[in-house]
Amino acid sequence: MADWDYKNSRSWGEKVEYRKCNLNNQSPINIDTSNLEDEKNKCGSQDCKLKVNYISSKCHVVVKNRSPTIYFDHGSYIVYNGFKGEDDNYNFISNKFYLKKMTLHTPSMHTINNNSYDMEAILYHYNNSDEINENESGGIAISLLFKSGNDKGNVNRFFNQIINQIPLEEKDQETFIDVDDNWNANMLLPTNKAFFTYPGSLPHPPCNENWYWIVFDL
């Protein structure tokens, strides 16, 4: 049986091994657009640049803790030029981060002006492409928010290939889902390239605060 799931998030910090879940810089958050500190937090200017280089991939699904995680083939990455950190340590960075996995959440975990969305996809990027401890390593998480509708574009083509084949059982398991040769995380990116940034954490145990977030605006 899983020792945690998103339904019992309020009790995560009660366990010694998950005590970080009670700290201050925990993700997800509500983004209040009336209370942005400065232009660093909403990057639509020349101060912050995000270069995306996602390649086509197979779809490897692992179900653990009652939650599916989708793993991508090696080779996709982002280059982020922007600000990372907080307070006096909010420094400019320019690094390459490698895409490894994606989680899906319904409804969204992040909110904007207290408005939630029908689904949120979170893409996790790490500092290196080698085999790593996912929970201990840090990196950049990209949050993509979605509303339900009749769109027949790339987003629907991406999800239509996998959504009905993701295992729903609560037991831990893994599977490969057949996808087109051009199935690619780039299909999820919005037309609007403005985004918010903030220093945060893994949004699940062990809740390590070594993650930096890019949340795309709708």
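Visitor: How many aromatic pairs does a search of the whole structure find?

Guide: The search finds 13 aromatic pairs. Rings of Phe, Tyr and Trp (its six-membered ring) pair if their centres lie within 6.5 Å. This is a predicted model: local features need pLDDT of at least 70, side-chain atom pairs count only at pLDDT 80 or more, and totals for chains, interfaces and linings use all residues. Residues are numbered from 1 along each chain as its sequence is written, and side-chain values use heavy atoms, with hydrogens and water left out.

Visitor: Why is the pair of F146 and F159 called edge-to-face?

Guide: Their planes are 85° apart, with 5.9 Å centre to centre. Planes over 60 degrees apart count as edge-to-face, under 30 as stacked and the rest as tilted, so this pair is edge-to-face. F146 lies in strand β10 (residues 139-146) and F159 in helix α1 (residues 154-160). Helices (H or I, at least four residues) and strands (E, at least two) are DSSP runs, numbered from the N terminus.

Visitor: What makes Y198 and W213 a stacked pair?

Guide: The angle between the planes is 10°. That is under 30 degrees, so the pair counts as stacked. The centres are 6.3 Å apart.

Visitor: How do you know that Y198 is buried?

Guide: Its relative accessible area is 8%. Buried means under 20%, exposed over 50%, partly exposed in between (1.4 Å probe, protein chains only), so Y198 is buried. W213, at 0%, also counts as buried.

Visitor: Why does the charged end of K96 count as over the ring of Y77?

Guide: The charged end of K96 is 4.3 Å from the ring centre. The rule asks for NZ of Lys or CZ of Arg within 6 Å of the centre and within 35 degrees of the ring normal.
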